[in-house]
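Welcome, and please open your viewer for a short tour. We will go from stop to stop, with something to select at each one.

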Amino acid sequence: MKIGVVINGALCEREAPENITLLHFLREYAGLIGTKEGCGGGECGACTVLLDGRAVNSCLVLAAEVDGKSVRTIEGEMRDGEPSELQQAFAKRHAVQCGFCTPGVVMSARALIERNPKPSVEEIKEGLEGNFCRCTGYVQIIEAVLEATGQPASMQELSHA
Amino acid sequence: MLETANSETLRQIGRSPVRHDVADKLTGAALYVSDMILPGMLYAQVKKSPHARAKIRRIDVSRAKRLPGVRAILTGHDLDYRLGLYVVDKDILAKNEIRHFGEAVAAVAADTLAIAHEAVELIEVDYEILTPILNHMDALAPGAPLVHPDLASYDFVEAAFSPQPGTNIANLTKCRKGDVEKGFAEAEWIVEREYTNPSVQHVPMETHVAIAQWKSGDRVDIWTSAQSPFTVRDLFCHTFKLPLNNVRVVIPNVGGGFGGKAGIHLEPLVACLSRKAGGRPVKFQATREEEFSLLPCRSALTYRIKTGVLADGRIVAQKMEMFWDAGAYADYAVNVTRATGYSAAGPYEIPNAWVDAYTVYTNKPYGTAYRGFGHVEFFWGLERHMELVAQTIGMDPLEFRRKNLLKPGAITLTGEVITEHNGDVRKCLDSVANAIGYGALTPAEKAREARTGLKIGKGVATLHKAPAMPPFTATSVVVKMNSDGTVIANVGLTDIGQGSTTAFAQIAAERLRFPLNKVRVTIEKDTDRDPYDWQTVASKGLMLTGNALMLACADLLDKAYQTAAQALRADVCDLDHDGDKIFIVHRPEISVTFAQLSIGYSYPDGGAIGGPLIGVGRYTAQGLTNLDKGSGQGLPALDWTYGAHGIIVEVDPTTGAYHILKIASAYDVGKAINLESVRGQCIGGMVQGLGTALCEGYIYDQQGHLLNPSFTDNKIPTCKDLPDEIDCIIVETPQLDGPYGARGVGEHPMISVAPALGNAIRSATGAELTHMPIRSEDVWRAMNSKPPVETWITKTPVGSCRSLPVDR
């Protein structure tokens with residue numbers, strides 16, 4: 001069937017199977033590989049995108065369901081060719097290691113700060129709890145979200161004995 | 001490598017520059033094998049066994065073969081190859097006998113993933129179900145059915161391993177120091193107990209995935225999400241008897257490894273499918289469920305420790321027996337057994353020691369390397385045991401540990417003499433004890449207890465680990481200068497997330513005395529292009545590859561200076577350089593830029609000297625030896641990284657539910673190259689260690705079916721599981737042969753989190769935990785059946801008020 005999704009502001013129309021998930025539509029039909037598949041079952045959050053502004057697991061959404069709707073992915077996170085405040089903060093705070101969960105984490109953080117521009121540490125944890133990260137231990141991610149929202153970011157520095 | 005490490009003058013080391021890989025990872029541009037689609041590529045699926053142990057009576061692939069779009073089907077009998085890192089015991093697809101739940105029995109390559117799925121469903125397998133051997137202790141019993149009846153005929157690495165044909169023992173590692181029986185005779189107290197933990201899954205966020213194309217002339221290209229390109233290539237060629245220059249292995253970004261992507265996994269299967277499909281590239285990516293059972297896990301362990309101690313707290317003898325559950329294949333489990341065998345006593349000096357470490361085959365998914373390489377598992381038992389011994393003799397556990405810690409002049413289990421340059425475990429331990437206010441509750445903590453009715457406890461645990469690697473482990477680096485004076489370093493070590501790309505760029509920039517933006521280290525690895533590096537494992541990369549990189553930079557500068565000396569008509573000894581140029585020290589206005597030298601220096605008339613500037617550095621671990629098989633004596637350790645954790649826990653004495661209020665961790669890293677990267681390793685490893693401590697582990701039914709191969713049933717920590725407070729402390733005792741004094745800390749943060757937690761819970765509630773993970777119900781059970789400390793005492797001093805248990 002023909003599916004048309006507005007991705008990062010541009011309409012993407014493709015002939016695709018009616019049972020294809022939004023995740024696979026993005027990766028295989030729209031050529032946007034930034035959104036990752038970690039489990040395919042809605043458990044890990046690696047495939048998080050924004051659907052009409054809400055963070056969703058794109059592996060649990062059928063592309064046909066979002067025909068005509070608006071989706072934002074990690075590829076739409078740059079601002080006029082420059083890294084967004086979130087991307088800059090993630091880089092600065094070393095909130096990225098292997099990077100496979102990163103696109104999903106950034107999109108969850110994006111959804112969070114759009115509805116809550118100054119989230120507390122507890123609110124950040126609530127907002128990101130659906131995103132697994134096996135590398136970072138989350139602390140530097142939380143610091144990055146604090147930093148991006150103009151809040152004191154250091155939870156605890158490395159100290160020398 | 002330490003001669004240039006004057007902290008005052010360091011410009012790149014000990015800072016926190018932004019990682020060099022983040023721009024791509026934060027925009028979705030970073031390429032992983034999961035993302036790759038090659039022209040003409042086929043998709044593979046695997047038919048997996050639903051049984052833990054069975055004979056394959058018959059496989060019928062005829063219906064699958066007739067499905068349009070199916071290009072290749074393979075079963076075990078099509079493939080006459082066996083794989084194995086150390087013991088060559090595994091077929092690419094099971095032949096005749098199934099040895100674990102989820103094992104691959106057949107594979108299909110098809111035009112689409114959907115067709116491949118359908119084809120696998122059409123394959124019919126007739127099994128004769130056999131009773132599986134599931135418990136590794138049962139597998140040791142005389143007369144137990146054999147998982148590998150043909151063990152005697154398998155090839156294995158004789159220098160390091162000792163399989164026991166006719167049993168389920170894939171390896172037995174022995175270590176003997178002093179006279180353990182004499183030590184026990186001298187001991188005033190003897191305390192013995194057994195500690196256990198289950199198998200655990202690594203959970204890289206990118207599951208295992210490989211693409212291979214078997215081209216004409218038996219030339220094979222492989223793209224894989226693996227840790228070690230050269231190991232994949234070399235083992236692949238060994239299996240298929242191909243020259244090493246026929247096979248090229250490429251590794252782009254890797255979505256996490258944690259040891260699970262060391263060695264070789266899916267590559268031979270996809271390569272065979274490609275060959276069968278006439279040379280079209282074939283891709284296979286494991287589902288999350290397959291990641292749990294088709295691919296390997298961490299081995300379960302039963303650890304028995306018997307300690308003889310004097311009344312003043314000195315340990316005089318210790319007998320340690322480790323029983324590692326390898327699962328169906330030996331893979332890395334035999335080497336985990338070897339490495340933990342020689343580390344088994346932890347950072348303590350034991351004058352009389354005896355270690356027997358067994359790797360035991362069972363009918364379960366097989367064990368492999370996992371961050372910490374066995375140390376997470378055995379330190380659970382060891383550091384719970386040290387706590388128990390201290391309690392038994394009525395000594396404070398921290399004081400007891402201090403008394404027995406390795407000090408300069410101490411001799412390890414294998415006969416290595418520790419020096420002050422090895423690092424300072426006592427400083428690590430004291431730092432974390434101090435950070436949690438060990439030994440007493442603060443007034444605020446007491447008030448909190450009174451307010452909440454919950455119990456607060458504090459515990460500590462130490463850790464150590466050396467890289468587990470062959471004594472001849474080697475690495476090499478090539479540093480190339482471009483015609484604008486910028487530099488690219490080709491490094492065979494893979495950045496699987498640990499940040500090595502950035503740390504190496506800092507080391508190169510420091511050694512070259514260049515600005516960091518002039519240096520780039522390759523992210524994608526390619527065995528045709530990059531110089532040899534043994535493996536990306538063991539926390540040895542920073543030290544070994546870092547050293548090779550420093551030597552390569554020195555070599556490049558040497559060559560630049562030689563050409564510059566000619567061009568400037570000066571002696572090399574009169575030259576110096578900055579980030580742009582080489583100049584004469586006493587006439588600095590006379591200079592030549594690196595850009596002018598980079599591809600050979602050209603005179604005004606066009607004639608040239610020199611040539612492109614390329615530096616080569618090679619480094620091999622030095623002074624190491626194989627271990628004597630009878631005594632375990634020898635020098636296995638490139639370096640030791642020491643550390644410790646301290647935990648404050650709050651426990652509900654009614655339910656056993658608990659919450660971690662604070663964790664403080666300290667490691668002697670020698671020299672931190674990138675502070676935020678070190679912190680990322682410390683916190684990331686600690687949280688992975690918390691997963692092991694709190695909740696993770698494989699659960700099987702009586703028939704050996706894995707019951708929890710998903711994130712719903714096998715939880716891993718989320719950001720809501722973080723302790724309230726996290727302290728990361730580094731100690732910097734320079735490693736004399738490390739780059740700028742650095743040593744590795746990739747695996748260590750995961751080790752000993754669980755026993756620190758167990759000790760803190762014991763201190764809060766008296767619950768004696770001997771099995772991890774520590775779930776709330778385990779705490780509840782332990783609180784409600786508190787055996788007295790005497791339960792584990794088998795010898796007491798004359799006149800002691802403690803009595804031996806009646807049943808001993």
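How many Å separate the centres of domain 2 of chain B and domain 3 of chain B, taken over C-alpha atoms? The answer is 37 Å.

Before you select anything, note that this is a predicted model, in which local features need pLDDT of at least 70, side-chain atom pairs count only at pLDDT 80 or more, and totals for chains, interfaces and linings use all residues. Residues are numbered from 1 along each chain as its sequence is written, while chains are lettered from A and ligands numbered from 1 in the order in which they are written.

**Stop 1: the domains of chain B**

Colour chain B by its domain assignment: domain 1 (7-30 + 473-620), domain 2 (33-132 + 208-285) and domain 3 (300-469 + 625-795). These bounds come from an automatic or database domain assignment. Now select where domains 2 and 3 of chain B touch: 19 residues of domain 2 are in contact with 21 residues of domain 3. Two residues are in contact if their C-beta atoms, placed from the backbone, lie within 7 Å. On the domain 2 side there are eight nonpolar, six polar and five charged residues. Here Ala, Val, Leu, Ile, Met, Phe, Trp, Tyr, Cys and Pro count as nonpolar, Asp, Glu, Lys and Arg as charged, and the others, Gly among them, as polar.

**Stop 2: a strand pair in chain B**

Next, select strand E18 of chain B, residues 455-465. Helices (H or I, at least four residues) and strands (E, at least two) are DSSP runs, numbered from the N terminus. Nine of the eleven residues of E18(B) are buried, meaning that 20 or more other C-beta atoms, placed from the backbone, lie within 10 Å of the residue's own. Zoom in on Thr462(B), and you will find Ala644(B) of E29(B) opposite.

**Stop 3: where the chains meet**

Show both chains: 56 residues from chain B and 48 residues from chain A make up the contact. Helix H16 (675-694) is among the elements on the chain B side, and H16(B) gives the most, with eleven residues. Then look at strand E6 of chain A (residues 158-160), which runs parallel to E31(B) and is joined to it by three bridges. Ser159(A) stands opposite Ile729(B) there.

**Stop 4: a covered helix**

Finally, select helix H1 of chain A, residues 22-29: six of its eight residues are buried, so the helix is largely enclosed by the rest of the structure. Phe25(A) is one of the buried residues, and their cover includes strand E1 (2-7) of chain A.

Methods. Buried ≥ 20, exposed ≤ 12 C-beta atoms within 10 Å, placed from the backbone. Pairing = 2+ DSSP bridges.
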